[in-house]
Amino acid sequence: MKIKKILVSQPKPTTQKSPYFELAEKNNVKIDFRPFIQVQGIDVKDFRKQKINILDHTAVVFTSRTAIDHFFRICEETRVTVPDTMKYFCISEATAFYLQKYIVYRKRKIFHSTGKFADLVEVIKKHKEEKFLVPLSDIHKQEIPDLLNKSKAKYTKAIFYRTVSSDLSDIKKIDYDMLVFFSPSGIASLFQNFPDFKQDDIVIASFGPATAKAVTEAGLRLDIQAPMPQAPSMTAALDMFIKQHNKK
């Protein structure tokens, strides 16, 4: 069977320049977007159970805009006034600029990396006198604490938000030729929403080694894995597969 309908388990791109729209047009396929997971901020009661004092720290490490939103939300709800002396270490320049939503942007107290956490740790190493707070989701990459431990930075890992399954009850049946996943949580959401799901001829694509592992551990067949040397992005991997598959 040819690939005609694809479900991507992420929100629909906000720009028409998305490579997914180009992929759909080039290969004459229909692509639908539906996030299988969503982020929920933890409440103040759950935050306090962690016994973390924000003001014990002199710097905050942000791995995403979501982390920024929930850090300042918790500060507001716990009536913590963040001092002007607080420093911020951000995963990317875009994340750093997002701080302007909450603070006056001053380069001397805001540092950013290239988008890779390993590179951000190299920046953190130059500020070993700081006490770092790292706001995270309950489900996060293990490399974050691993690399911070290796760097011997003084840090506190804190859960500020959770990743939960979306309610997909309006989708009565998985009527797609291909499903595309980007996290283990997406696979968990699939079975939470569709406990009797059977793959059969449905093609499954995954991004990243953790997601690939979750696919196989769930007893599913992994048909497309990205990134690959010849396909560094998910859309490139999908394009290669669809062209080959639909020729048969």
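Lysine 49 counts as exposed, at 58% relative accessibility, where exposed means over 50% relative accessible area, buried under 20% and partly exposed in between (1.4 Å probe, protein chains only). The side chain of lysine 49 meets that of aspartate 46 in a salt bridge, 3.6 Å from N to O; a salt bridge here is a side-chain nitrogen of Lys or Arg within 4 Å of a carboxyl oxygen of Asp or Glu. The two residues sit three apart in helix α2 (residues 44–49), so about one helical turn separates them. Aspartate 46 is partly exposed, with a relative accessible area of 21%. Helices (H or I, at least four residues) and strands (E, at least two) are DSSP runs, numbered from the N terminus.

All of this comes from a predicted model, in which local features need pLDDT of at least 70 and side-chain atom pairs count only at pLDDT 80 or more, while totals for chains, interfaces and linings use all residues. Residues are numbered from 1 along each chain as its sequence is written, and side-chain values use heavy atoms, with hydrogens and water left out.

Back to the charged pairs. A search of the whole structure turns up 13 salt bridges. One of them links arginine 34 to aspartate 170, with the closest N and O atoms 2.9 Å apart. Arginine 34 lies in the loop between β2 (30–33) and β3 (37–41), and aspartate 170 in the loop between β8 (154–165) and β9 (178–181), so this pair ties together parts that are 136 residues apart in sequence. Both ends are partly exposed: arginine 34 has 23% relative accessibility, and aspartate 170 has 49%. Lysine 125 is partly exposed at 36%, as is glutamate 122 at 43%. Elsewhere, salt bridges with shared partners join Lys26, Asp239 and Lys243 into one network.

As for the annotation, an unreviewed UniProt entry places the feature "domain: Tetrapyrrole biosynthesis uroporphyrinogen III synthase" at residues 22–235. UniProt positions follow the numbering used here, feature names are shortened, and annotations may be inferred rather than shown by experiment. Over residues 22–235 the chain is 33% helix and 24% strand, with its end C-alpha atoms 9 Å apart.

Next comes the sheet. Six strands make up an open sheet in the order β3-β8-β7-β4-β5-β6, with mixed pairing; two strands pair if DSSP finds at least two bridges between them. The edges are taken by β3 and β6 (110–112), each with a single partner strand, so one side of each has no neighbour in the sheet. Neighbouring strands are turned by 25 degrees against each other on average, direction ignored. Axes are lines fitted to C-alpha atoms, for helices over the stretch in contact, and angles run from 0 to 180 degrees between N-to-C directions. β3 and β8 pair in the antiparallel sense over five bridges, and glutamine 40 stands opposite arginine 162 in β8.

Two helices go with this sheet. Helix α3 packs on it, touching β3, β4 (59–62), β5 (87–90), β7 (131–137) and β8, and its direction makes about 105 degrees with that of β8; contact means heavy atoms within 4.5 Å. Helix α7 (residues 184–193) lies across β3 and β8 and runs at about 30 degrees to β8.

Leaving out residues up to four places away in sequence, phenylalanine 62 touches, among others, Phe71, Phe72, Tyr88, Phe89, Leu99 and Pro135.

Alanine 226 and proline 227 are joined by a cis peptide bond, with omega about -5 degrees; proline 227 is in the loop between β11 (224–226) and α9 (234–247). Arginine 79 has a positive phi, near 60 degrees, in the loop between α3 and β5, and is exposed at 77% relative accessibility. Aspartate 200 also has a positive phi, about 50 degrees.
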